[in-house]
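Student: I have a model open and would like to talk it through with you. Can we take it step by step?
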Amino acid sequence: MFIEKTLGVIPGFLSGIVLSSFILSLIIALPFSVFLKHSVTDSRFGSVLVANTQVFAKSLNAVFGGAVNETLSFLTVEPQTNQSVDLKFKTKSIRVDKLSEREMFDQINQERKRNGLNELRFSESLAQVGRLHCKDMFIRGYFSHYTPEGLSPFDRMAQSDIAFNYAGENLALAPNTDLAMKGLMQSPGHRANILSVNFGKVGVGVIDGGIYGEMFCQEFTN
């Protein structure tokens, strides 16, 4: 009897973990207060639960033909596609997050070191290209490698007088750096950019949209 009661607790405990993960994911995914979002992501227990929901979250790839990947806590579009997502919101309440930019730059090089690759150099010019694009997406309410006018990442780099033979861009909308990098590394196209032997420089632009999360742009060149 004791063993049966003890074993009966386990399913209930696991169900509680799953429910807690879902609720915490909703808190950081939906436009609730910034304080609540930071309380979840700054908590070791909360951040672990939210990160693990990415594995079980329903993917919308089939709906968008494989170009868009979305979970409760992560949104991206595949590199070198012109797919555009309507964010259903616009905001001008934004700011540059230099700390997250540095954290993501460090994480990119950590991934490269794990795979025996040379570290990338940080480019402020590329970072500024990324920041401007992140700002534009928040202000005009879209999510894409291409602007509504049709300008590609390569066009935006050229407009900033950045010369390159090889270039690439990764985008993510997520609550924080860890969730953004986790999602990008789980995507073959974005992972390929992060680990490409053709790139020698990267600029990371991160714009904090408050209750709407953070927009991340990784800009790569040789």
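Student: Of the contacts in the chain with a separation of 6 or more, what share is between residues 24 or more positions apart?
Tutor: This is a predicted model, and in it residues 24 or more positions apart account for 68% of the contacts in the chain with a separation of 6 or more.

Student: And how many helices and strands does the chain have?
Tutor: The chain has 8 helices, together with 9 strands.

Student: What about burial, how much of the chain is buried?
Tutor: Of the 222 residues in the chain, 46% are buried, while the accessible surface of the chain comes to about 11600 Å², with 58% of that area belonging to carbon and sulfur atoms.

Student: Switching to the backbone, what is phi of Q80 near?
Tutor: Phi of Q80 is near 60°, which is a positive value in a residue other than glycine. Most residues other than glycine have a negative phi.

Student: Where is Q80 found, and is Q80 buried or exposed?
Tutor: Q80 is found in the loop that runs between strand 2 (74-77) and strand 3 (85-86), and Q80 counts as exposed because its relative accessibility is 69%, above the 50% cut-off.

Student: Then D161, what is its phi near, and where is its place?
Tutor: For D161, phi is near 60°, again a positive value in a residue other than glycine, and the place of D161 is in the loop between helix 6 (153-159) and strand 7 (167-174).

Student: Why is D161 called exposed?
Tutor: D161 is called exposed because its relative accessible area is 73%, and exposed requires over 50%.

Methods: Residues are numbered from 1 along each chain as its sequence is written. This is a predicted model: local features need pLDDT of at least 70, side-chain atom pairs count only at pLDDT 80 or more; totals for chains, interfaces and linings use all residues. Side-chain values use heavy atoms; hydrogens and water are left out. Helices (H or I, at least four residues) and strands (E, at least two) are DSSP runs, numbered from the N terminus. Buried means under 20% relative accessible area, exposed over 50%, partly exposed in between (1.4 Å probe, protein chains only). Contact means heavy atoms within 4.5 Å. Accessible areas come from the Shrake-Rupley method with a 1.4 Å probe; for residues, only the protein chains shown count as cover.
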